[in-house]
Amino acid sequence: MTQSPATPLPSPEELRRLREAKSLSHADVAAEVGVTPKTVRSWENGRTTPRGRKREAYAKLLTSSEATAQQEESAPVLVGDASSPVSPPPEVPHDHAEPKPEPESGPESGPESGPESGPEPSPPSESESTTALTPAQAFDTLYAFCAPALVRQAYLLTGRRELARESVERAFQLAWHRWPEVAVDRDPTGWVRAATYEYALSPWHRFRPRHRHPEAPPAEAADRALLAVLLQLPPVYRRTLVLYDGVGLDLPETAAETEASTPAAANRLLHARGTVAARLPELAAPEDLHRRLAELAGTERLRAAKPRTVRWSSERRARHWTRAAIAFTAVLIGVTSLTLRTAPDHYEPPLAPGETVGGLPPRAAPGPLSAQQLALQSRLQKATESGPERLVPQGR
């Protein structure tokens, strides 16, 4: 974590950009520094950091020429514009190691490096000299840096402005609820982006009453056509296209974020590009598609909520769920107590099943009296007249 002041290094993403600017492969850098290509990839991913003489050789190799002058226009794709709270530099969409922007020169880091000054194992050396931020300040810095871009990305995924803003707010509410986990994550930007995409592309939104009413389309006909083509793509293909041609991630990073293999992500990307090219032939070239996605994302002035509001909503939601869990636990305890109180405390054998009894004569059905039975009935009726008074039949 400690870096020598004599040989400061930029962020891991900037290290990769410097190497690519000099047209060097991992094997070339590894041969010059005296390490393996796997170690160079680990430095660029932010998992480890060079030390000692290897650090000096690595820094000298990357900063010996004007490699840092490379500023491509690929990043503004879905990042903020002049109306955004924070206007990150162009390489922000490619940032997959830490959520802070890096200017043209590696040693300088802007105020957005706050979220990474504590938990990130290999931030720029200047970030160690900055004052440690509180969790709320680190969260607000991450939110101000990522939210404007994520709202635009979510709009390309859903075509709905309110759903795009809601997706970003829900993702950051979850991030604040799990801030100890997010703060030490190697890529907080990717963590929040994945949560935003998952919520935005959830199939359950179709059952919401608000989702049944379409929102107003973009004003320009070209923007409407491009958005219609994007929304016709399957969600996973749309997500792959936005990540690769919009955000600017490379293919392995896109595959990892979409939870797919690299060949599967490549096939999805080719299918999505082919569908767009078939409907809009002028966007067959990847650079043209990249430019149009940036323009479409920038046409809608989408603003996210204030970070303080997001933190307050997250805390309120957590309180509600906590109270609901406590109430459910109390009900469960009450039901269990009632069951224990009313349940039998001893064994009661069941009643034996009935058995069939045989040898009984069949029950005769009533019928007319025979002559002998009539005579007997007559005798009995006459005999009772001379008997005791209680046996005399009453007249009808």
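The model is predicted.

**Arg-268**
- Arg-268 is buried but forms no salt bridge.
- The nearest side chain of opposite charge is that of Glu-259, 8.6 Å away; a salt bridge would need a side-chain nitrogen within 4 Å of a carboxyl oxygen.
- Apart from residues up to four places away in sequence, Arg-268 touches Val-236, Tyr-237, Thr-240, Thr-258 and Ala-260.

**Helix α10**
- Thr-240, a residue that Arg-268 touches, is one of the buried residues of α10.
- Others buried in α10 include Arg-238, Arg-239, Leu-241, Asp-245 and Gly-246.
- The cover over the buried residues of α10 includes α5, α8, α9, α11 (251-257), α12 and α13.
- Gly-248 follows α10 and has a positive phi, near 100 degrees.

**Nonpolar cores**
- The largest nonpolar core has 48 residues, and Phe-172, Trp-179, Val-192, Leu-226, Leu-230 and Leu-241 have the most contacts inside it.
- The largest share, 13 residues, comes from α5.
- Leaving aside neighbours within four places in sequence, Leu-230 is in contact with Leu-156, Arg-238, Leu-241, Leu-293 and Leu-296.
- A second, separate core has 13 residues, among them Leu-9, Leu-18, Trp-43 and Ala-59.

Terms used:
Residues numbered from 1 in each chain as written. Predicted model: local features only at pLDDT ≥ 70, side-chain atom pairs only at ≥ 80, totals over all residues. Heavy atoms only, no water. Core = buried A, V, L, I, M, F, W, Y, C linked by side-chain atoms within 4.5 Å. Buried < 20%, exposed > 50% of the residue type's maximum accessible area, 1.4 Å probe, protein only. Helix = DSSP H or I, 4+ residues; strand = E, 2+ residues; numbered from the N terminus. Contact = heavy atoms within 4.5 Å. Lys, Arg positive; Asp, Glu negative; His and termini not counted.
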